[in-house]
Every structure is written in structure tokens, then in C-alpha cells.
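Hello,

Here is the structure I promised to pass on. Please open it first, then read the notes below.

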Amino acid sequence: MHVICSFPQGSVLGPRLFIMYSADLADKAVEHDITFHGYADNTQLCVHCRPEEIAATTPKLERCITDMDNWMSANRLKLNIDKTELLWAGTRYNMSMLNDSGPSVQLNNVTVKAIQHVRMLGVHLSSDLSLDKHVSSVSATCFYHLRQLRTHLAVA
């Protein structure tokens with residue numbers, strides 16, 4: 001495919017230029033009263049609501065993402081629906097009042113279902129706000145590396 005605009009991958013200015021280029025995405029989130037967090041080419045939207053407000057919050061979130069998707073299309077970017085995740089988070093009591101993981105979101109004729117865990121910048125977040133999944137993951141990684149070290153020392 002012929003690319004008519006870009007900057008070299010791995011360049012020092014690349015991440016900064018991308019952040020400047022996509023800075024208007026934050027304005028789209030503010031228009032919908034949704035908190036925006038951007039890190040490199042990852043975007044996270046956060047909205048606070050009470051359990052009884054979820055039914056009204058879901059369409060608000062859908063409208064915000066649709067507006068962001070339209071902005072991205074107009075600015076030669078693409079929302080990756082395959083990597084889009086939805087997490088409804090709250091106390092265990094509040095989460096127990098939701099069916100399964102919470103309502104899904106409809107984006108461009110694709111249903112994004114709520115999930116129990118997401119990974120954000122290396123941290124596993126659970127819908128009940130516990131760190132159990134994260135602690136298990138870090139422990140498993142540590143034990144793997146300890147076993148590798150032990151195997152390496154036994155051979156040497």
C-alpha cells in the first residue's frame with residue numbers, strides 16, 4: 001500500500017508527533033463528559049456512574065466512541081474494534097447486582113461485551129477492583145524466571 005503521510009517507526013519524535021496529532025481525541029471525550037487517558041497509541045475512556053445509572057451511561061459511552069471513531073476516520077486513523085475492551089468496575093456488592101459482567105456496547109454493528117479482567121499498562125484490573133489476577137500473574141512470571149535461573153545454574 002502506498003503511504004502518503006507518516007513518520008519513521010522507532011524515531012525519537014514519532015511518539016511525540018503522534019500525541020500532538022491525536023490530541024483532539026481528548027476534546028471529543030470532554031464533549032461527552034467522559035474522562036480520557038491516552039498513552040502512545042492506546043486510548044482509555046473512563047466514566048463514573050452509579051449502578052442504577054448504567055442503562056443511561058451505556059449509550060453515552062457508545063456516542064462518545066462513535067464520535068471518536070468518526071474523528072479518527074477523518075484524520076487517517078482507525079479504531080481497532082478487535083482490541084477494544086469494556087470493563088464495568090465496582091465493589092463486589094455493586095458488581096453482583098449486574099447480570100454477568102454488565103451491559104455490552106454496540107460499536108459499528110459490532111457488540112463489545114463486558115469482560116471480567118483487562119490489562120492496562122501491564123497491570124491486570126478486575127471488575128471487582130481486586131488485584132488477585134495481577135498478583136497471580138506477577139507471581140507466575142517470577143516463579144518462571146526462578147525456575148529458568150535454577151535450570152541455568154544446574155547446567156553450569
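**Serine 127 and its surroundings**

Leaving aside neighbours within four places in sequence, serine 127 touches Leu87, Trp88, Ala89, Gly90, Met95 and Gln116. Please keep in mind that this is a predicted model. Serine 127 sits in the loop between β6 and α5. Its relative accessibility is 4%, so serine 127 counts as buried, the cut-off being under 20%.

**Salt bridges**

The structure holds four salt bridges. Three of them are described here, starting with the two made by arginine 92.

Arginine 92 meets aspartate 128 side chain to side chain, at 3.0 Å from N to O. This pair joins distant parts of the chain. Arginine 92 is in helix α4, residues 92-96. Aspartate 128 is in the loop between β6 (123-126) and α5 (132-155). The two residues are 36 residues apart.

Arginine 92 also forms a salt bridge with aspartate 132. Here the closest N and O atoms are 3.8 Å apart. Again the pair links distant parts of the chain, with arginine 92 in helix α4 and aspartate 132 in helix α5, 40 residues apart.

Which residues are linked in the resulting network of salt bridges? They are Arg92, Asp128 and Asp132.

How accessible are these residues? Arginine 92 has a relative accessible area of 54%, so it is exposed. Aspartate 128 is partly exposed, at 23%. Aspartate 132 is partly exposed too, with a relative accessible area of 48%.

Lysine 28 counts as partly exposed, at 22% relative accessibility. Glutamate 31 is exposed, at 54% relative accessible area.

**How α2 packs on α3**

The next item is a helix pair. Two packed helices are described by the angle between their axes and the distance between the axes. For α2 and helix α3 (residues 54-74), the angle is about 155° and the axes are 9 Å apart. An angle over 145 degrees counts as roughly antiparallel, so α2 and α3 are roughly antiparallel to each other. The crossing of α2 past α3 is right-handed.

Which residues meet across this pair? From α2 come Asp24, Leu25, Lys28 and Ala29. From α3 come Cys64, Asp67, Met68, Trp71 and Met72.

Strand β1 covers residues 35-39, and strand β2 covers residues 42-46. The two strands pair in the antiparallel sense, over five bridges. Within this pairing, phenylalanine 36 has leucine 45 in β2 as its bridge partner. Two residues lie between the strands of the hairpin. In this hairpin, alanine 40 takes a positive phi near 55°.

Most residues other than glycine have a negative phi.

Aspartate 33 is not a glycine, yet its phi is positive, at about 60°. Aspartate 33 lies in the loop between α2 (24-31) and β1. Is aspartate 33 buried or exposed? Its relative accessible area is 59%, so aspartate 33 is exposed.

Asparagine 108 is not a glycine either, and its phi is positive, at about 50°. Asparagine 108 is in the loop between β3 (105-107) and β4 (110-112). With a relative accessible area of 46%, asparagine 108 is partly exposed.

**Glutamine 9**

One last item concerns the segment before α1 (14-21), where glutamine 9 is found. Glutamine 9 has 84% relative accessibility, so it counts as exposed. How far is glutamine 9 from methionine 120, counted between C-alpha atoms? The separation is 23 Å, with the two residues 111 residues apart along the chain.

Best wishes

Technical notes: Residues numbered from 1 in each chain as written. Predicted model: local features only at pLDDT ≥ 70, side-chain atom pairs only at ≥ 80, totals over all residues. Heavy atoms only, no water. Pairing = 2+ DSSP bridges. Helix = DSSP H or I, 4+ residues; strand = E, 2+ residues; numbered from the N terminus. Buried < 20%, exposed > 50% of the residue type's maximum accessible area, 1.4 Å probe, protein only. Axes fitted to C-alpha atoms, helices over the stretch in contact; angles between N-to-C directions. Parallel < 35°, antiparallel > 145°, perpendicular 65-115°, else oblique. Left-handed = near helix turned anticlockwise from the far one by under 90°. Contact = heavy atoms within 4.5 Å.
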